Amino acid sequence: MRLAGKGRYETAAEISKYEFTKADTVVLANGMNYADALAGGVLAARRKAPLVLVGSSLDNMNAGFLDRHTFYNEFVFGGTGAVPDTVVNKAAAYR
């Protein structure tokens, strides 16, 4: 099976949508900083959680994914320059 999107964000969202029918943990990482996303991927795999790639905002595709799941834990990789507090707060609002 091939999972793909128009770019890295959409591809990551398609993978998460396919792989996770439920998730109690979510891992957020900046999609432009591969080091944060790579480290976040290790934690996501260990916690059996989706890795949600974000930018300076939480796009509709990822917001829709978070809205379909009830999660209790979120891990954010990178400082506020990588994942702004506005994105973290918006993601937390889906809890």
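Tutor: Let us begin with burial: a residue is buried under 20% relative accessible area, exposed over 50%, and partly exposed in between, with a 1.4 Å probe and protein chains only as cover. The model is predicted, so local features need pLDDT of at least 70 and side-chain atom pairs count only at pLDDT 80 or more, while totals for chains, interfaces and linings use all residues. Residues are numbered from 1 along each chain as its sequence is written, and side-chain values use heavy atoms, with hydrogens and water left out.

Student: Is Ser-16 buried or exposed?

Tutor: Ser-16 has a relative accessible area of 4%, and therefore counts as buried. This serine is found in helix H1, residues 8-19. Contact means heavy atoms within 4.5 Å. Leaving aside neighbours within four places in sequence, Ser-16 is in contact with Pro-50, Leu-51 and Phe-65.

Student: Where does Pro-50 lie, and which residues does Pro-50 touch?

Tutor: Pro-50 lies in the loop between H2 and E2, and is buried because its relative accessible area is 0%. Beyond residues up to four places away in sequence, Pro-50 touches Ser-16, Phe-20, Ala-23, Thr-25, Val-26, Val-27, Ala-44 and Phe-65.

Student: Which elements make up the chain, and in what order?

Tutor: Helices (H or I, at least four residues) and strands (E, at least two) are DSSP runs, numbered from the N terminus. The chain has 4 helices and 3 strands, and from the N terminus the order is α-β-α-β-α-β-α.

Student: How many residues are in the largest nonpolar core?

Tutor: A nonpolar core is a set of buried Ala, Val, Leu, Ile, Met, Phe, Trp, Tyr and Cys residues joined through side-chain atoms within 4.5 Å. The largest one here has 15 residues, and those with the most contacts inside it are Val-26, Leu-28, Val-52, Val-54, Leu-58, Leu-66 and Val-83. Two or more residues come from each of strand E1 (25-30), strand E2 (51-54), helix H3 (60-67) and helix H4 (85-92). Val-26 also has contacts, beyond its neighbours within four places in sequence, with residues including Ala-49, Pro-50, Val-52, Leu-66 and Phe-71.

Student: Which residues is Ala-63 in contact with?

Tutor: Ala-63 lies in helix H3 and is buried, with a relative accessible area of 9%. Apart from neighbours within four places in sequence, Ala-63 is in contact with Leu-58 and Tyr-94. The C-alpha atoms of Ala-63 and Tyr-94 are separated by 8.2 Å, although these residues are 31 apart along the chain.

Student: What does the radius of gyration say about the whole chain?

Tutor: The radius of gyration is taken over C-alpha atoms, and the globule rule is 2.2 Å times the number of residues to the power 0.38. For 95 residues a compact globule would have a value near 12 Å, and the chain has 12 Å, which agrees. Along the principal axes, the C-alpha atoms fill a box of roughly 35 × 25 × 25 Å. Of the 95 residues, 36% count as buried. Among contacts between residues at least 6 apart in sequence, 65% join residues at least 24 apart.
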